[in-house]
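Hi there,

Here is the structure I promised to pass on. Have a look at it first, and then read my notes below.

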Amino acid sequence: MRHGIIVLAAASLLSACQTAAPPAVSTPTSTPPRTPAAIQLAASIDAYKSLVAQQIMAANSAYTFSGRLPPMLPAIVVLDLSVGPDGELKSVHVHRSRDSEASAAALAAVRRVPTLFPPAAHLMHRHARTFDFSETFLFNDQYQFQLRTLSGPQ
């Protein structure tokens, strides 16, 4: 009898802890629009850099080339970018370059991106105001570029 009371008490406690099932959510009949790259959250710094590089390449299709890199690159430019928590480009400057024409082309390419970059708040260090990273522009003889983040192994 004592065992039955304990089981009954335990069952009462467990049922009191249960919550009602959430109300059913109606699902839309049409497919929701895809999330634009500018508002996707990147899971890592590499994924973030890839999203940014894709936006730069998309905004500069007339100035880019694809395929294998030439054996000798006439110009390599490394830019430092600072992006705010909401994806706004706060600053961009040349970190390393030996070619002023290529440097100007790389800076113009970043500034040509018409929208915000992806939000970066979740990747920022505590108390940081910007998320800072570098991107490398690899130029061919016609001053067209590929971005190192997207170029893959060669």
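Residues 1-38 have a pLDDT that stays under 50, and for this stretch the model has 10 contacts beyond four places in sequence. Please keep in mind that this is a predicted model. Across the protein the pLDDT averages 81, and 73% of the residues score at least 70.

Now to the sheet. Four strands make up an open sheet, arranged in the order β2-β1-β3-β4, with antiparallel pairing. The edges are taken by β2 (89-96) and β4, each of which has a single partner strand, so one side of each is left without a neighbour in the sheet. From one strand to the next, the twist averages 30°. If you zoom in on β3 and β4, you will find them paired in the antiparallel sense over 3 bridges. Phe139 has its bridge partner in β4, namely Phe145.

α3 lies across β1, β2, β3 and β4, at about 35° to β1.

What about the interior? In soluble globular proteins, nonpolar side chains tend to be buried together. Here the largest nonpolar core has 29 residues, and those with the most contacts inside it are Tyr48, Ile56, Leu79 and Phe137. Two or more residues each come from α2, β1, α3 (100-111), β3 (131-139) and β4 (145-147). The element that gives the most is α2, with 6 residues.

One more residue to look at is Pro74, which sits in the loop between α2 (45-59) and β1 (75-83). Is Pro74 buried, exposed or partly exposed? Its relative accessibility is 41%, so Pro74 counts as partly exposed. Which residues does Pro74 touch, not counting those up to four places away in sequence? They are Asp99, Phe139, Asn140 and Asp141. Of these contacts, Asn140 is 66 residues from Pro74 in sequence, yet the two C-alpha atoms are 6.1 Å apart in space. Phe139 in that list is the residue mentioned above as the bridge partner of Phe145.

Enjoy exploring the structure, and do write back with any questions.

Best wishes

Note on methods: Residues numbered from 1 in each chain as written. Predicted model: local features only at pLDDT ≥ 70, side-chain atom pairs only at ≥ 80, totals over all residues. Heavy atoms only, no water. pLDDT = per-residue confidence, 0-100. Contact = heavy atoms within 4.5 Å. Buried < 20%, exposed > 50% of the residue type's maximum accessible area, 1.4 Å probe, protein only. Core = buried A, V, L, I, M, F, W, Y, C linked by side-chain atoms within 4.5 Å. Pairing = 2+ DSSP bridges. Axes fitted to C-alpha atoms, helices over the stretch in contact; angles between N-to-C directions.
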